Amino acid sequence: VTGVADFYGRQFRVTPDVLIPRPETEILCRNAAFPHTWQDVHVLDLCTGSGCIAWTLALEMPGAKVTAADISDDALSVASSQDFSEETARTGAVAPSFIKADVLAGPSASGLTGRFDILVSNPPYVMDKEKTLMRTNVLDHEPHLALFVSDDDPLAFYRAIADWAHALLKPGGYAIVEINEALGEETARIYSDAGFHSVEIIKDLSDRNRFVSFRI
């Protein structure tokens, strides 16, 4: 209604083309930002949407270089239009770079080169059968492309993210993804089976399984 949403102490522009940032996702940002030194850190944000994660990490870690990807041109337009020019000028933070990429198509199709220290993602994870549990304001005014996955293969994005992590994370690199609370163990197993270590399920403030983190 207002066209703005609060996230991590900042106001972000939002439209019907992007998800409204959720407070729970701030936990992902805290976990990604603070285990690391800030200088010369390279961050990759997949399914960036409004850019709230990408911008937050860039601003919270001055000196970090953040690359953020999404399949939606409209979402990328919103993400790249976020205006934190005063804060970047004051702190020396570097604005994220935004690229169009289909996570499910794999990293080779993205054209990205080099390696990253941190990978973050809040991909679509709500199963189609869970639509009946969603509030009308979400169903009617937020993009289904960014929300829903097939009941037949609800973890497709997480398997794809494992491929991205293998291809683009530096040795010792850290990743954290937001997940469907009903599929915590199954999501964690994807990364354990793919050979990652330090796989951990992280709960949100309501004590629900909300994130999985891992290292390469």
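1. Basis of the note. This is a predicted model, in which local features need pLDDT of at least 70 and side-chain atom pairs count only at pLDDT 80 or more, while totals for chains, interfaces and linings use all residues. Residues are numbered from 1 along each chain as its sequence is written, and side-chain values use heavy atoms, with hydrogens and water left out.

2. Salt bridges overall. The structure contains 11 salt bridges, a salt bridge being a side-chain nitrogen of Lys or Arg within 4 Å of a carboxyl oxygen of Asp or Glu.

3. Glu-60 and Arg-10. One of these salt bridges pairs Glu-60 with Arg-10, with 2.8 Å between the closest N and O atoms. Because Glu-60 belongs to helix H2 (residues 52-60) and Arg-10 to strand E2 (residues 10-13), the pair ties together parts that are 50 residues apart in sequence. Helices (H or I, at least four residues) and strands (E, at least two) are DSSP runs, numbered from the N terminus. Both Glu-60 and Arg-10 are buried, where buried means under 20% relative accessible area, exposed over 50%, and partly exposed in between (1.4 Å probe, protein chains only).

4. Lys-170 and Asp-117. A salt bridge also links Lys-170 to Asp-117, the closest N and O atoms lying 3.4 Å apart. Lys-170 is in strand E9 (residues 169-178) and Asp-117 in strand E6 (residues 116-121), so this pair ties together parts that are 53 residues apart in sequence. Lys-170 is partly exposed, at a relative accessible area of 26%.

5. Arg-159 and Asp-153. In this salt bridge the closest N and O atoms are 2.7 Å apart. Arg-159 is partly exposed, with a relative accessible area of 39%, and Asp-153 is likewise partly exposed, at 31%.

6. A salt-bridge network. Shared partners join Glu-24, Glu-181, Asp-204, Arg-208 and Arg-210 into one network of salt bridges.

7. Thr-91. Which helix holds Thr-91? Thr-91 lies in helix H4 (residues 85-91) and is partly exposed, at 33% relative accessibility.

8. Thr-91 relative to Glu-60. Thr-91 and Glu-60 are 31 residues apart along the chain, and their C-alpha atoms are separated by 9.5 Å.
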